[in-house]
Amino acid sequence: MENWKDSYVRDILSTHLLTQIPLSPRRNYASIVVLREFESTAVLTTEGERLDVEVVRAGQKQTELISRVLLQKRKQVAMERRTGRAFNRKLGWADECDFMSKMCGSCPDCLIYGFAASSSEGSQKSRILTDSGFSIRPYDALQRSITLNAIQDRTQGGVAGSAFAEREHIRPQAYFPTIETAVDVTPSEFAYILRNILTTTRYGAENQRQGFVKNHLVALLFGETEVISNLALVQHLYDRLAEENSGSINEVPLDLQTLKTRMEELLSDIAEEAYLPVQLYTGESLQNILQGLRFLWRNEEAKHEWLQELKNDQQTYLEKRENKGKKEKKGKGKKKEES
Ligand SMILES: [Zn+2]
């Protein structure tokens, strides 16, 4: 039986990632390319009735302007953090951690996704870089207004009437290609981040229990540099799809497998053009990693070992940071005495 320490996944991850969380930035990047597919209608509004849209060029070759639906950056990460925090609570790791009032500063969520300290005791910058995602196709092809019939009690006269509120929804099977980049994380931390991404299923307006999303992992990229933004990714993809469909994809139903294949191809081209070495995992090599993770999360013994390592990694970091803080304080005190 395979444990975590000798597993293929950990082996691969440790060739690309740091073995310890560094005290100062090393810029060791691990990018996770996810194709997010909405499997139900969803509300993607920040406030009010309109979908969040942005006018951008359709592609890098196809330069006409189109309005794309936005999947806000904070909406992506907030939902995934929730998955992680629920996991932490289950493990008894986050009893002291309250997202709304006081964050503990020592659980995986605080240390990976960051937190702001209320007092002088060190805050943590997020080690996850994200941006808002863009829909592949324009807004017109995606939106639909749904009228909500809200029955309201009218106190005056006691007559029940209805109020009509219209909210824009996106149609099911809208795709958002996005990249989340982890910086200076260890293999155990990276597995934690992947768990959050692969097991989060609900995105969109928070008070609505809808917006089922399937996160398809398309690629992992390891290297000393980031290679592509969400916008460039969607534009390159648009170009390739438009080429195949005589210039426009607004009327054609998108096919998941085609999208994945085109993304793999373009990422491979982008990785080739990078100034610094980039390691790309797609297709079978990626499937092997996913298979390993599946085993890890479903096997109690391996999972326990992984979580132990996660705890150790972060504990070591916290101790190092504390010692450094003490030294700096001492140094400052000395200088004062001298002057
Ligand atoms: Zn915490």
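Which residue in S5 is the bridge partner of Arg-68? In this predicted model, the partner is Pro-138. The pairing of S3 with strand S5 (residues 133-138) is antiparallel and has three bridges. Strand S3 also pairs with strand S2 (residues 53-57). That pairing is antiparallel too and spans five bridges. Within it, Val-56 has Ile-66 of S3 as its bridge partner. Strand S3 itself covers residues 65-71 and is mostly covered. Five of its seven residues are buried.

An open sheet is built from five strands. Their order is S4-S8-S1-S9-S10, and the pairing is antiparallel. Strand S4 (128-129) and strand S10 (278-281) are the edge strands. Each of these two pairs on one side only. Strand S1 (residues 29-38) runs antiparallel to S8, and nine bridges join the two. Ala-30 stands opposite Ala-182 in S8.

The zinc ion has four donor atoms. Its protein donors are the SG atoms of Cys-97, Cys-104, Cys-107 and Cys-110. They lie 2.2 to 2.4 Å from the ion. Along the chain, the donors follow the spacing C-x6-C-x2-C-x2-C. What arrangement do the four donor atoms make around the zinc ion? The angles they subtend run from 102 to 116°, so the arrangement is tetrahedral. A set of four donors counts as tetrahedral if all angles lie between 85 and 135 degrees.

Cys-104 is partly exposed, because its relative accessible area is 24%. The cut-off for buried is under 20%. A search of the whole structure for disulfides finds zero.

Helix H8 spans residues 283-298 and has 16 residues. From its first C-alpha to its last, the helix reaches 22 Å. This is close to the 22 Å expected at 1.5 Å a residue. The buried residues of H8 are Leu-286, Ile-289, Leu-290, Gly-292, Leu-293, Leu-296 and Trp-297. Seen down the axis of H8, these buried residues fall within an arc of 160°, so they line one face of the helix. The face turned away from the buried side of H8 carries exposed residues, Glu-284 and Arg-298.

Two loop residues have a positive phi without being glycine. One of them is Gln-173, with phi near 65°. Gln-173 is found in the loop between strand S7 (160-170) and strand S8 (175-183). Is Gln-173 buried, partly exposed or exposed? With a relative accessible area of 48%, Gln-173 is partly exposed. The other is Ser-246, whose positive phi is about 40°. Ser-246 has its place in the loop between helix H6 (230-244) and helix H7 (256-273). Ser-246 is exposed, because its relative accessible area is 75%. The cut-off for exposed is over 50%.

Definitions and conventions:
Residues numbered from 1 in each chain as written. Predicted model: local features only at pLDDT ≥ 70, side-chain atom pairs only at ≥ 80, totals over all residues. Heavy atoms only, no water. Helix = DSSP H or I, 4+ residues; strand = E, 2+ residues; numbered from the N terminus. Buried < 20%, exposed > 50% of the residue type's maximum accessible area, 1.4 Å probe, protein only. Donors = N, O, S within 2.8 Å, 3.2 Å for Na, K, Ca; no water. Tetrahedral: all angles 85-135°; square planar, octahedral: opposite > 155°, others 65-115°. Expected span 1.5 Å × (residues − 1). Arc of directions from axis to C-beta. Pairing = 2+ DSSP bridges. Disulfide = S-S within 2.5 Å.
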